[in-house]
Amino acid sequence: MILILVLLLSLGWRSTLLAQTPFYQGKTINILVGTKAGDVYDLYPRLLAEFWTKYIPGNPNIIIQNVPGAASLIAANQVYNVSKPDGLTLAAIYPALYFDQLIKKSEVKYDWAKWNWLGSPVKSNHLLYMRADTPYKTIDEVRKAATAPKCGSTGIASTGYYKPKLMEEALGTKFDIVSGYVSGQDIDLAVERGELQCRAFTITAYYAREPFISWRKRNFTNVLIQTGNTRDPRIKDAPTIYELMDRYKTSEAGRSLAKVILASGDLGRPIVAPPGVPADRIKALREGFDKTLADPALLAEAERRRLEIDPTRWDEMESLAKDVMATPPDIVTRMNKLLGGN
């Protein structure tokens with residue numbers, strides 16, 4: 001009888017220990033990044049991975065896996081459909097992938113509003129740079145040019161595609177957009193070789209890494225436009241898209257289109273989990289994410305690496321995702337036309 005009692009107590013004690021063991025203890029979290037290593041979309045998850053682990057109960061390992069291509073659509077589809085919804089596989093994806101879903105692109109295998117949003121380390125205002133040795137010194141000159149400048153992109157959900165297209169719609173410019181590059185780094189190399197003249201992408205990236213640091217020192221590029229509500233002090237001579245819409249008297253329909261497209265800037269550089277992950281694991285990841293981005297050691301390291309930190313919380317992202325997916329049909333039609341659809 002005493003032996004049975006001891007065994008029962010032992011089993012109960014062991015069960016209590018197991019129940020108290022954090023799920024993530026001894027586990028590894030994989031973050032699938034939808035671009036090449038070294039791209040700024042890759043640099044942020046790598047920075048997070050160094051610090052996030054200490055704020056997740058159980059302190060799991062976090063590793064980065066690069067799955068480049070189609071403006072991160074491949075990575076998004078893989079995490080949403082193939083990976084187990086166990087909280088061990090996350091994605092770092094482009095913020096404008098909702099475009100593909102809104103225009104009903106057949107390759108889309110995710111529902112934008114159903115992601116488990118974990119957060120973004122930075123909001124993403126954008127710019128368009130132009131090689132300084134071209135005749136295109138201002139947006140006015142792009143509007144008047146007989147030959148459109150060539151800009152590179154990785155796909156329609158990348159800034160390199162939709163920002164020049166938005167400028168065409170809202171400002172009356174013309175760009176020759178060359179798509180199909182695997183990553184932003186490949187576009188920049190093409191610009192250096194003279195195959196392209198321009199690229200639209202984030203202001204953060206322009207100030208975070210090479211070749212842009214060297215380019216700015218030798219005045220290799222000019223910035224023609226930026227997308228923030230106010231001018232970034234680092235590029236104070238470049239007008240905002242809102243200033244230019246006022247100057248060129250953009251229609252209300254054009255402004256509505258700009259609003260839904262520019263919403264991607266607030267989504268920033270999203271880190272997401274697929275639907276179906278248990279709520280307690282999502283809670284642990286979200287709380288850990290918020291604490292990580294307030295960690296003085298991370299903030300110091302981000303400054304050393306020239307990476308800005310301006311977070312968007314998961315609940316803001318969740319609300320914004322629902323808003324953009326409720327875009328009125330007439331605006332979606334205009335977006336589809338802008339992105340090359342019928």
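Predicted model: local features only at pLDDT ≥ 70, side-chain atom pairs only at ≥ 80, totals over all residues.
Local features are described where pLDDT is at least 70 and side-chain atom pairs where pLDDT is 80 or more, while totals for chains, interfaces and linings use all residues. Residues are numbered from 1 along each chain as its sequence is written, and side-chain values use heavy atoms, with hydrogens and water left out.

The protein has 16 helices and ten strands, where helices (H or I, at least four residues) and strands (E, at least two) are DSSP runs numbered from the N terminus. Its radius of gyration, taken over C-alpha atoms, is 23 Å, close to the 20 Å that the globule rule gives for 342 residues, so the protein is as compact as a globular protein of that length; the rule itself is 2.2 Å times the number of residues to the power 0.38. Along the principal axes, the C-alpha trace spans about 95 × 45 × 30 Å. Of contacts (heavy atoms within 4.5 Å) between residues at least 6 apart in sequence, 78% join residues at least 24 apart.

Buried residues make up 54% of the 342 residues, with buried meaning under 20% relative accessible area, exposed over 50%, and partly exposed in between (1.4 Å probe, protein chains only).

Helix α6, residues 159-171, illustrates a covered element: eleven of its 13 residues are buried, among them Tyr161, Tyr162, Leu166 and Met167, and the charged residues Lys163 and Glu168 are also included. The helix reaches 17 Å from its first C-alpha to its last, close to the 18 Å expected at 1.5 Å a residue, the expected span being 1.5 Å times one less than the number of residues. Just after α6, Gly172 takes a positive phi of about 80°.

Turning to charged pairs, the model has 23 salt bridges, each defined as a side-chain nitrogen of Lys or Arg within 4 Å of a carboxyl oxygen of Asp or Glu. Glu195 pairs with Arg193 at 2.7 Å between the closest N and O atoms; Glu195 is partly exposed at 38% relative accessibility, whereas Arg193 is exposed at 53%. Arg234 and Asp232 form another, with their closest N and O atoms 3.0 Å apart, and here Arg234 is partly exposed at 37% while Asp232 is buried at 16%. Lys114 and Asp111 meet at 4.0 Å, N to O, with Lys114 exposed at 52% and Asp111 partly exposed at 23%. Finally, Glu50, Glu301, Arg304 and Arg305 are linked in a network of salt bridges.
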